[in-house]
Amino acid sequence: SRTPLHELRRKLTTIMIGHGYLETINYSFINPAHLDRIGVPADHIWRKTVTIKNPLSEEQGILRTTVIPSLLELAVWNINRRNKDLQLFELGKVYLAKDNLNQQPDELWTLGIMCTGSQKKSWLAKEVKYDFYHLKGIVEDILDKCRIRDIRFIAASDVPGLHPGRTARIYSGDVELGYLGEVHPQVAAKYGAEQKIQIASLDVASLLKQVQPLNYKPLSKYPEITRDLAVVVPATTLAAEVMATIRECAGQLLKDVSLFDVYQGTQIAAGQKSLAFSLTWQSEERTLKDEEINE
């Protein structure tokens with residue numbers, strides 16, 4: 001019988017194929033020079049490498065500690081052959097050596113995702129650029145379909161190889177699930193790529209820990225009440241922080257909150273932005289009154 005880890009890996013593959021991504025298989029061996037090329041610091045955990053005693057070539061000298069070089073090489077190989085619009089994923093392992101090199105390394109199942117270019121316009125839809133927000137949407141859908149809740153994206157500037165202003169670490173509660181971001185243009189240039197490349201990496205074991213049980217409950221027979229709320233905050237404030245405060249303060253009957261507009265312009269002071277949220281309340285026991293919702 002299949003273990004929960006097997007089942008989750010199968011589910012992740014199905015989700016990615018459903019989004020139109022193609023599955024790839026890469027070698028677990030990479031050239032040690034890749035770690036220098038993407039700028040991994042000397043004391044970083046990705047430097048805890050397993051060295052191959054008899055590598056077939058210099059290109060396969062160590063076991064990889066990150067999926068970034070594999071996905072970057074794959075992107076560049078395709079771009080150089082005029083295949084510039086890519087949506088690829090790999091479900092493979094990364095390897096982290098123990099301090100005692102005689103011990104087996106940690107073998108971590110990892111979902112690596114890479115997209116670059118765009119989805120061309122058709123009669124049905126406009127052109128969609130594969131940017132940071134496109135990939136973030138894919139990751140959010142993966143986590144939602146895997147029943148992983150309490151998701152937070154925290155801006156990160158310390159992921160080697162990725163742009164410090166366009167990268168986020170992904171958390172469920174206090175558990176780190178992985179990261180996503182845009183490849184730093186200087187790193188992309190070292191690999192010979194002139195277009196923007198987005199990469200995400202999710203640790204499958206961490207995902208498995210956060211999967212919530214599937215619970216059913218009947219639909220409420222009482223109507224929803226919706227209110228729109230716009231708040232002006234400093235431009236550096238994260239929408240996720242405001243949303244967390246709303247959830248905290250809006251009472252037990254708040255069913256949903258979503259951001260639908262961000263505005264910066266002449267009607268708002270410099271250094272500020274307006275965030276507009278749609279809030280929905282619903283009770284399973286009674287019809288809610290306007291007065292209590294207004295409060």
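Leaving aside neighbours within four places in sequence, threonine 280 is in contact with Glu224, Ile225, Thr226, Leu253, Leu254, Lys255 and Asp256. The model examined here is a predicted one, and in it threonine 280 belongs to strand β14. Because its relative accessibility is 11%, and burial is assigned under 20%, threonine 280 counts as buried.

An open sheet is formed by seven strands, arranged in the order β1-β4-β5-β11-β10-β9-β8 with mixed pairing. Helix α1, comprising residues 4-18, lies across β1, β4 (86-96) and β5, and runs at about 155° to β4.

Within this sheet, strand β5 (residues 106-116) is joined to strand β11 (residues 197-203) by seven bridges, the two strands running antiparallel; methionine 114 has isoleucine 199 of β11 as its bridge partner. Strand β11 also runs antiparallel to β10, to which five bridges join it, and here glycine 178 is partnered by leucine 202 of β11. On the side of β9, strand β10 takes part in a further antiparallel pairing of seven bridges, in which leucine 162 has valine 183 of β10 as its bridge partner. The hairpin of β9 and β10 has two residues between the strands, and glycine 173 adopts a positive phi near 65° in this hairpin. Strand β10 (residues 175-183) is largely enclosed by the rest of the structure, because seven of its nine residues are buried.

The largest pocket holds about 1,500 Å³ of space and is lined by 39 residues, of which Lys136, Glu140, Arg152, Phe153 and Ala240 are the closest to its centre. At least two lining residues are supplied by each of the helices α4 (132-145) and α7 (239-249), and likewise by each of the strands β8, β9 (162-172), β13 (254-263) and β14 (272-281). Sorted by class, the residues lining the largest pocket comprise 19 nonpolar, five polar and 15 charged ones.

Conventions. Residues are numbered from 1 along each chain as its sequence is written. This is a predicted model: local features need pLDDT of at least 70, side-chain atom pairs count only at pLDDT 80 or more; totals for chains, interfaces and linings use all residues. Side-chain values use heavy atoms; hydrogens and water are left out. Two strands pair if DSSP finds at least two bridges between them. Helices (H or I, at least four residues) and strands (E, at least two) are DSSP runs, numbered from the N terminus. Contact means heavy atoms within 4.5 Å. Axes are lines fitted to C-alpha atoms, for helices over the stretch in contact, and angles run from 0 to 180 degrees between N-to-C directions. On a 1 Å grid over the protein atoms alone, a cavity is a set of points where a 1.4 Å probe fits but cannot get out, and a pocket is an open set with protein on both sides within 12 Å along at least five of seven lines; lining residues have an atom within 4 Å of a point. Grid points are joined across faces, edges and corners, and a volume is the space filled by probe spheres set on the points. Ala, Val, Leu, Ile, Met, Phe, Trp, Tyr, Cys and Pro count as nonpolar, Asp, Glu, Lys and Arg as charged, and the others, Gly among them, as polar. Buried means under 20% relative accessible area, exposed over 50%, partly exposed in between (1.4 Å probe, protein chains only).
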